[in-house]
Amino acid sequence: MRLKRLIAGTIMAGTLAGAALPAFADELFVPLFSYRTGPFAGSGIPIANGMHDYLTMLNERDGGINGVKIRVSECETGYDTQKGVECYEQVKGEGALVISPYSTGITLQVIPKASVDKIPVLSMAYGLSAAAEGNTFPWVFNPPNTYWDGASAIVTDIARREGGAEALKGKKIGYIFLDAGYGREPIPLLEQMASDMGFELLQYPVPGKEMQNQSSQWLNIRRDRPDYMIMWGWGAMSPTAVKEATKIRYPMDKFYGIWWSGGNDDAAAGGEAAKGYRTLNFHGVGSDFGVIQDIKKYVVDAGKSEVDPAKFADNLYNRGVYNSMLIAEGIRRAQELTGKTVIDATDMRNGLENLDITEARLKEMGMEGFALPMKLSCDDHSGHHKVYVVEWDGKDWQKSGDWFSPDVDVVKPLLKKAAEDYAASNAPWPERTEACLN
């Protein structure tokens, strides 16, 4: 039993290799696809640390979830789609409860596999935006918001600052993005909003091999002089873009990044000149929250974390914490629905689809003020929840303004159409047969 408890609580870094670990009957297996190496490691490391540490904290503080330990294993993808698919194939036979690809490219590859292998995919605020349509994608979840929600929210905040949507007519909004599935995902929404509101959308793609060499893109931006800039960057692209923006003296308070371009190191790359850089957020920043203090006590101070103490509770670390909270609450909800403490992936799917994280539950978790209530349903696997803007003050992120909703009137019809188009282009796409419990 002692050996079994040790294995159940072990955090395994590195690529899963060799014979698969046996799946014990009294554990909850959560694989994490991570990238601690390569050009995206700057973003991947804090995410992986935050995800690990929250789940480790549950093991150390609570003995797991309802008395069942969580077994967490990392699989190193290097943010490479093929390696991510290999990780998926490795873990799917081990009793994995959920797949968190942490890459839009990997997510797009495993979506068709999810309903066949009966393993839910949790692509938290990334991946295929249309997967929010639960009737078309019953095994895929992307709470608390889709990329299209994020794009609409940025445009909404720009319009607010300009005095209303009508004030965007004739404006120029630049879009600099990683030229991959991730960066291309929000373009249809941005193009639709440009058409509806009358602004000009200028696109500046950044090839993956040129993330750290964006001088040509920023020379074009200096020439075009867009009124606002939006960035969909990740890994080495984001700090490079911030630095280049300061070099051409672009007004940083008019430069927005999606939530994934909001790492502390991303903004710090521009030094004091990066003050004013803005990004979206949907969770708390800093360490002044009960849940973060519990992680420090039970994991970091106990020597059970890989996080650099100087980077503890950085923005992307907290993002990982939030992500693992969704996983843990999906497990807990599945346990409630089934009456079982040891669940399977089908139970997990039901748990995610019936998530209802209330204010009272957030308080119980030490997340009061760290996150807002969240609810999913059979129809809606994202929720289109509120976000807020944080602004870089030269040293850290500061909340700028109140929480506000994305433009769901624009987003929802486009998501429905995109889901229909996806199913048609991937015919025969399976009809939903999973029972709706809510």
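A charge sits over a ring if NZ of Lys or CZ of Arg is within 6 Å of the ring centre and within 35 degrees of the ring normal. This is a predicted model, in which local features need pLDDT of at least 70 and side-chain atom pairs count only at pLDDT 80 or more, while totals for chains, interfaces and linings use all residues. Residues are numbered from 1 along each chain as its sequence is written, and side-chain values use heavy atoms, with hydrogens and water left out.

Select Tyr388 and Lys399. Lys399 lies over the face of Tyr388, 5.3 Å from the ring centre.

Next, select Trp260 and Arg319. Arg319 lies over the face of Trp260, at 5.0 Å from the ring centre. Trp260 also belongs to a cluster linked by ring pairs, together with Tyr35, Phe40, Tyr79, Tyr102, Tyr126 and Trp234. Rings of Phe, Tyr and Trp (its six-membered ring) pair if their centres lie within 6.5 Å; planes under 30 degrees apart count as stacked, over 60 as edge-to-face and the rest as tilted.

The structure holds 25 aromatic pairs. For one of them, select Tyr147 and Trp232: the ring centres are 5.7 Å apart and the planes at 75°, so this pair is edge-to-face. Both residues are buried (under 20% relative accessible area, with exposed over 50% and partly exposed in between; 1.4 Å probe, protein chains only).

Then select Tyr175 and Phe177. Their rings are stacked, at 4.9 Å centre to centre with 15° between the planes. Is each residue buried or exposed? Tyr175 has 0% relative accessibility and so counts as buried; Phe177, at 4%, is buried too.
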